[in-house]
Amino acid sequence: MAELRPGDSTTIRDLVWKAVDEVQITDIHTHIYPHTFDGLLLWGIDDLLTYHYLIAETMRYLEMGYEHFWALPKRAQAELVWRTLFIERSPVSEACRGVLTTLEKLGLDVSKRDLEAYRRFFAEQKVDEYVDKVFELSRVKTVVMTNDPFDDAELGYWSKSRQQDERFRAALRLDALLNSWHTAVPKLQEWGYNVGFDINSQTVSEVRRFLVEWLNQINAVYMAVSLPPSFAFPEGSTRGQLISECVLPTARETCKPFAMMIGVKKLTNPALRLAGDSVGKANIDVVEYLCANYPDVKFLVTMLSRENQHELCVVARKFRNLHVFGCWWFLNNPSLVDEITRMRLELLGLSMTPQHSDARVLDQLIYKWAHSRRIIADVLTDKYVDLAATGWLPTEQEIRRDVAALFGENFWRFVG
Ligand code: HDL
Ligand code: ZN
């Protein structure tokens, strides 16, 4: 056990980097699935290159119509992304860099810039062994999925069997229920829930039955929803009624957290499809109101706007039933992860979960965590060096304890 001396920043840096490098992570929000999920698992170079972040960046350089791009086969889309963002100009964006970090960590020679060679490597992989390889390389122990019963592709899986791979835990995603009730009602009725479009007492009890049954069916860790910048609560809207009459009572009854991902403006450019969403500053009063008026409900919250981050930290200082997590989506860039993690450690200490990957393609676990570990380790080192300067010398064991908390144990403790 290395002992530290005042001002011993090199040793602190080494100890922090080692602890962060070795910690087995719980990734609390992703969009990846076990390979048994009937084709929902995305992996390999062509899925990496057609990640919606890269499609948005590619289309900025092309005259081609969006529909023309979408009509291309995936390999052709991938080749267009590769040529546009990697060959015709340097791949300096975070999403481009991520593809190269992933290839490099897999042992491929990125200097050759040989897309066909990379394709041959992935073609040789057996998917179940490759899933193991990615979890080993990224040192991720557990991922929480995004599970949407209203997604026909996924529903089929759950009706056939229960999820067996313990590395993949479920989260019940409620965007369809809460944000497009008109499409949810016919499906709920089809599944035998006696709901109507009016949020009357029967519909309320049937929606609560749906929530409890699905939380059990998929053994969900939490319920989640993404919400617009305009999200208001309390609110007489259908969403406001469903949250107050159904979701919050179910969260209380089951002790499952309600995860609110606030600030996404859906389909600002519809032609970009999944890549078409944007961001807006939300009203922090809503988070304050919910935490204050529902003290026995646990809220996981991440916000998409950089401008919401400081006030979110302040609200978390007021309410212990609020657990702040992640540098979500447009915030998952080195400059902002650094800024936000620093702010959170300074305001919240270790009582938060600094990052999730949001990976949509399995192999992204490798780069998203390689990049985030580096930044979080840097920020943590600065904080411990500040401590050491006072004469308070953290031991290696204490650093490992703190790192384990940030990369999963805080989350599991909060979830209970
Ligand atoms: O709503 C969400 O869970 C977001 O993460 C979206 O899936 C978004 O498209 C995304 O992949 N962000 O990283
Ligand atoms: Zn997501």
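A search of the whole structure, a predicted model, finds zero disulfides. A disulfide here is a pair of cysteine sulfur atoms within 2.5 Å. The sulfur of C246 is too far from its closest cysteine sulfur, in C255, for a bond: the two are 18 Å apart. C246 is buried, at a relative accessible area of 0%. (Buried means under 20% relative accessible area, exposed over 50% and partly exposed in between, with a 1.4 Å probe and protein chains only.) C327 is in no disulfide, and the nearest cysteine sulfur, in C313, lies 9.8 Å away. C327 is buried as well, with a relative accessible area of 1%.

Two helices were then examined. Helices are DSSP runs of H or I with at least four residues, numbered from the N terminus. Helix 14 spans residues 284-293, and helix 15 spans residues 309-318. They pack at an angle of about 15°, with axes 10 Å apart. Helix 14 is therefore roughly parallel to helix 15, a term for angles under 35 degrees. Axes are lines fitted to C-alpha atoms over the stretch in contact, and angles run from 0 to 180 degrees between N-to-C directions.

In the contact, I284, V287 and E288 of helix 14 meet E311, L312 and V315 of helix 15. Contact means heavy atoms within 4.5 Å. By class, four residues are nonpolar, none is polar and two are charged. Val, Leu and Ile are among the nonpolar residues, and Glu is among the charged ones.

Residues are numbered from 1 along each chain as its sequence is written. Local features need pLDDT of at least 70, and side-chain atom pairs count only at pLDDT 80 or more.

Conventions:
Chains are lettered from A and ligands numbered from 1 in the order in which they are written. Side-chain values use heavy atoms; hydrogens and water are left out. Angles under 35 degrees count as roughly parallel, over 145 as roughly antiparallel, 65 to 115 as roughly perpendicular and the rest as oblique.
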